Amino acid sequence: AANTDLAGALQGKVSGVDIAPSSGMPGASSKITIRGSRSFTGDNTPLYVIDGMPISSAADVTTTDNANGAAYGTDYANRSVDIDPNDIESINILKGQAASALYGMRASNGVIVITTKSGKGVAKGKPTITFRS
């Protein structure tokens, strides 16, 4: 079966990357941690860089309740659910000094560098349609 999200595509294929699903529900997000957590209470999600554009993966809490500022039973997904695995050409994972040298403080939890396919299916200006189900 084809993978429906980035976390499923990486699951078990990259050493040092821990992927934990948030729940067993279909379409639920997964928490990706690269070579261990850096904070007990803070955010440990990596920075996503898609075709050279850094994208923060921090959860954005927009709904609140009176008790603790978060809604019960909700899934605050990271940016990996927005990426179609069929559009990915290559994935590089960085952590440590290499990530910090390239992306600065935002890369303290690691970086997932994704290069997408760009026009591979176009032949001589004619559109090509690929359908998978």
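Modeller: Ser39 sits in the loop between strand S2 (30-34) and S3. Helices (H or I, at least four residues) and strands (E, at least two) are DSSP runs, numbered from the N terminus. This is a predicted model, in which local features need a pLDDT of at least 70 and side-chain atom pairs count only at pLDDT 80 or more, while totals for chains, interfaces and linings use all residues. Residues are numbered from 1 along each chain as its sequence is written, and side-chain values use heavy atoms, with hydrogens and water left out.

Ser39 counts as partly exposed because its relative accessibility is 26%; buried means under 20% relative accessible area, exposed over 50%, and partly exposed in between (1.4 Å probe, protein chains only). Ser39 and Asn109 are 70 residues apart in sequence, and their C-alpha atoms are 9.3 Å apart in space.

Arg35 belongs to the loop between S2 and S3 as well. Its relative accessible area is 56%, so Arg35 is exposed. The phi of Arg35 is near 45 degrees, a positive value in a residue other than glycine.

Leaving out residues up to four places away in sequence, Lys95 touches Ile34, Arg35, Gly36, Arg38, Ser108, Asn109 and Gly110; a contact means heavy atoms within 4.5 Å. A polar atom of the Lys95 side chain lies 2.6 Å from the backbone oxygen of Ile34.

What is the charge setting of Lys95? Lys95 is buried yet has no salt bridge, that is, a side-chain nitrogen of Lys or Arg within 4 Å of a carboxyl oxygen of Asp or Glu. The nearest side chain of opposite charge is that of Asp18, 11 Å away. In this count Lys and Arg are positive and Asp and Glu negative, while His and the chain ends are not counted.

S3 pairs with strand S6 (residues 111-116) in the parallel sense over four bridges, and two strands pair if DSSP finds at least two bridges between them. In that pairing Leu47 stands opposite Val111.

S3 also pairs with strand S4 (residues 53-55), here in the antiparallel sense over three bridges, with Tyr48 opposite Ile55. S3 and S4 form a hairpin with two residues between them. Asp51 in the turn has a positive phi of about 50 degrees. At 48% relative accessibility, Asp51 is partly exposed.

As for the protein around this part, it has two helices and six strands, in the order α-β-β-β-β-β-α-β from the N terminus. Of its 133 residues, 27% count as buried.

How far can the model be trusted? The mean pLDDT (the predictor's confidence in each residue, from 0 to 100) is 76, and 74% of the residues reach 70 or more. Over residues 61-66 the pLDDT is below 50, and this stretch has ten contacts in the model beyond near neighbours in sequence. Where pLDDT is low, the predicted coordinates should not be read in detail.

Notes
Polar contact = N/O pair within 3.5 Å; in protein donor to acceptor, adjacent residues only side chain to side chain.
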